[in-house]
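Here is a brief report on a protein model. It covers salt bridges, then the sheet and its helices.

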Amino acid sequence: MKEKLVSIKDVSFQYDQDGPFALKNVSFDIYNGEWLALVGHNGSGKSTLAKLLNGLQFPTGGEILVDGVKLSEDSIWDIRRKIGMVFQNPDNQFVGTTVKDDVAFGLENNGIPREDMVKRVYESLELVNMGSFLEQEPHHLSGGQKQRVAIAGVIALRPDLIILDEATSMLDPRGREEVLNIVRKLKDDHKLTVVSITHDLEEAAKADRMIVMNKGVVYREGTPEDIFQLDEELVQLGLDIPFPVKISKNLKQKGIALSKHFLTEEELVTELWTSHLNK
């Protein structure tokens, strides 16, 4: 049986007391060791959920439990030790003059002893393949390298859950791919739980489970394979279907038999190559 890390129970939220609900009666669980993608167009409520999960805002209704503890002003600092967040623009997270100093900043704030802090800085940068950039100034790095350093700063704190809040949206395709591959490896090797907040369904396709948000409520929940069966419904919600899924659909319409909708170009090419060889 899967172990719950976070439970969101009938959560509602309004930015203004008399304003519209950004979230309304939202309920779902996040399980230890999974990668959950929260997807939706602008205004769907996904970014508001990210703020609630990290205690930047508090629900106006319902409750959020992290490891069985209710998120509140009294528990927020303990809960933030369990949850790390990587934001859209890594430049907004940098405070150190070097990569090494930047990763050390959060550890210093948490009172980590120096000997342990030095070890964690080196280990976390090695994990994201940035160990040779210790003395580099962050603003000299590429977008993908900056985001990897931001991730190192978070994992050095050893959280149970990492939230990626549109963390790849400012990267080029290569940078996006390298960051997502790093996150997948960290998740698998260190049993991290990952929540990615995104409107990019190609990114969401890499998750174990997806939740589609629309107008502040949970519209659909399932595996990426389940969600992409919705097809035109996703387009109507303002979401763009991943390229491999579009190609799979078009090939089926042309009479080319495929076993399923494929989520990556590699899977699709392998299927086409294998089916061709078998003829």
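Glu221 and Arg209 form a salt bridge, with their closest N and O atoms 2.5 Å apart. The pair links distant parts of the chain: Glu221 sits in strand S10, Arg209 in strand S9 (residues 209–214), twelve residues apart. Glu221 is partly exposed at 44% relative accessibility. Arg209 counts as buried, at 10%. Note that the model is predicted.

The structure holds 19 salt bridges. One joins the side chains of Arg148 and Glu178, at 3.4 Å from N to O. Arg148 belongs to helix H5 and Glu178 to helix H6, 30 residues apart in the chain. Arg148 is buried, with a relative accessible area of 10%. Glu178 is partly exposed, at 23%.

Asp188 forms a salt bridge with Arg184, and their closest N and O atoms are 3.9 Å apart. These two are four residues apart in helix H6, so about one helical turn separates them. Asp188 is partly exposed at 46% relative accessible area. Arg184 is also partly exposed, at 23%.

## The sheet and its helices

Six strands form an open sheet in the order S6-S7-S8-S3-S9-S10, with mixed pairing. Strand S6 (83–86) and strand S10 (217–222) are the edges, each pairing on one side only. The twist averages 20 degrees from one strand to the next.

Strands S7 (residues 161–165) and S8 (residues 193–198) pair in the parallel sense over five bridges. Here Ile163 stands opposite Val195 in S8. Helix H5 (residues 143–155) packs on the sheet and touches S6 and S7. Helix H6 (residues 173–190) lies across S3, S7 and S8, at about 140 degrees to S3.

Terms used:
Residues numbered from 1 in each chain as written. Predicted model: local features only at pLDDT ≥ 70, side-chain atom pairs only at ≥ 80, totals over all residues. Heavy atoms only, no water. Pairing = 2+ DSSP bridges. Axes fitted to C-alpha atoms, helices over the stretch in contact; angles between N-to-C directions. Contact = heavy atoms within 4.5 Å. Salt bridge = Lys/Arg side-chain N within 4 Å of Asp/Glu carboxyl O. Buried < 20%, exposed > 50% of the residue type's maximum accessible area, 1.4 Å probe, protein only.
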